[in-house]
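Biologist: I would like a close look at one part of this model, followed by a connected account of the other features that were computed for it.

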Amino acid sequence: MADIFPALQGDLSWSKSIRGHYIFSAESDNGFEFEFVGWNRRAGREVPLKASLARLEIEDRRFFLLELFVLGSEDNKLHKFLEVSEFNGDAVAVTTVDGLIEYVNPAFEELTGYRKESVVGRTHAVLNSGMQEPQFFADMWEALRAGRTFRGIFVNRRQNGSIFYEDKIIRPYHDACGKMSHFIATGRDVSERIQIMHRLEHLANHDCLTGLPNRNLFLDRLLQAEARGSRNHEGFAVVVMDLDHFKAINDTLGHAVGDVVLQTAACRIRKCLREEDTVARLGGDEFSLILTEVSLPQDVMNVVEKIVALLGEPLAIDGRDIPLHASIGIAIYPEHGDDGHTLLKHADNAMYRVKTAGGDDYQIFEGKEKEHFIFSLQKKK
């Protein structure tokens, strides 16, 4: 062995466990492995080695394949990484390929609230908040098992129950033989950044006065309702509302009172809807609704009449009773249009017909071929 590998000098001591396996038969089809200790002249120290001997036949010629491995090099590399991780500001966790935690650093303990001894031997499911789709984790495992790095924002739960967002990178780790042996995860808390993003997203999609969805979000939900209606053959209704005499309220009582009127109207409308329905403020005193899973005019009328009744309750501001009334137009999918834009236009036309007739009423749009007709439904008084 020393002749083959000149860097090794001195006596080669055999491991006791393989002392009886040093004879290799040329006629045997089975190879064998053994470990021994060699001397590394350059490093000036002993080196643990493993030799693997196997028989090969290539074109009727007999060969012996001898492979020599330096034991512990990858283990030492991983060990050094863990030593450095003790001082890393990012949370570090090392797991087996089955996901069992073998190591976490102090930053992990600080971030999650879990002590090392309480998570070693467990999986990262201990941090699962239940707020992410299963597909997220399916994509993660698909990438890792294929030997690829995975990066994502994890919505995790600390030991005390609080939620935090972690930007995490998980990398496969391979041993000296090239076999995937561990996963190394490094992550940092990005909760503040995510919260800022959520606030900006909310501001971009909601009305700052009433908190309702704005035109941008309303149109997005209208497209979703259209796609769902087409896919599932479900009806839905688009309702457009305009508060009557709102300009007069603003001009005579001031914008502060006008703001209270808009906020009150938004609150009352929302109380009449289901969670899956949408009410949005499109601008000024105009509100629009999407009523899902309705196909009959009577279904829509029932909701609208609740809104009209609740809106009509007196609103007392500074000793004044301010009446709230609205002009309302309705269009139903697919009877009055097979796309959201058409439905919104037809509901708007119906609303303006009510407004022209004096307001405080609702109408359902009807259309035949190229002519458009408005079918008026007087509410019960």
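Biologist: Which residues make the nonpolar surface patch of about 320 Å²?

Modeller: This is a predicted model, in which local features need pLDDT of at least 70 and side-chain atom pairs count only at pLDDT 80 or more, while totals for chains, interfaces and linings use all residues. Residues are numbered from 1 along each chain as its sequence is written, and side-chain values use heavy atoms, with hydrogens and water left out.

The patch is made by Leu56, Ile58, Phe63 and Leu65. Patch residues have over 30% relative accessible area and no salt bridge, with nonpolar side chains (Val, Leu, Ile, Met, Phe, Trp, Tyr) joined within 5 Å and like charges within 9 Å; accessible areas come from the Shrake-Rupley method with a 1.4 Å probe, and for residues only the protein chains shown count as cover. Strand E3 (45-58) and strand E4 (61-70) each supply at least two residues of the patch, where strands (E, at least two residues) and helices (H or I, at least four) are DSSP runs numbered from the N terminus. Phe63 lies in strand E4 and counts as partly exposed because its relative accessibility is 35%, the classes being buried under 20%, exposed over 50% and partly exposed in between (1.4 Å probe, protein chains only).

Strand E5 (91-96), helix H4 (134-145), strand E7 (150-157), strand E8 (163-174) and strand E9 (180-189) each supply at least two lining residues, and the largest share, four residues, comes from H4. By class the lining has eleven nonpolar, six polar and two charged residues, with Ala, Val, Leu, Ile, Met, Phe, Trp, Tyr, Cys and Pro counted as nonpolar, Asp, Glu, Lys and Arg as charged, and the others, Gly among them, as polar.

Charged side chains also pair elsewhere in the account: the count comes to twelve salt bridges, each a side-chain nitrogen of Lys or Arg within 4 Å of a carboxyl oxygen of Asp or Glu. In one of them, Glu166 and Lys168 have their closest N and O atoms 3.4 Å apart, and both residues are buried. Asp251 and Lys247, by contrast, are both exposed; their side chains meet at 2.9 Å, N to O, and both lie in helix H7, four residues apart, about one turn of the helix. Arg274 pairs with Glu276 at 3.6 Å between the closest N and O atoms, and Asp242, Asp244 and Lys355 are linked in a network of salt bridges.

Helix H7 (residues 246-253) also holds Ile249, which counts as buried because its relative accessibility is 10%. The C-alpha atoms of Ile249 and Val261, twelve residues apart along the chain, are separated by 8.8 Å.
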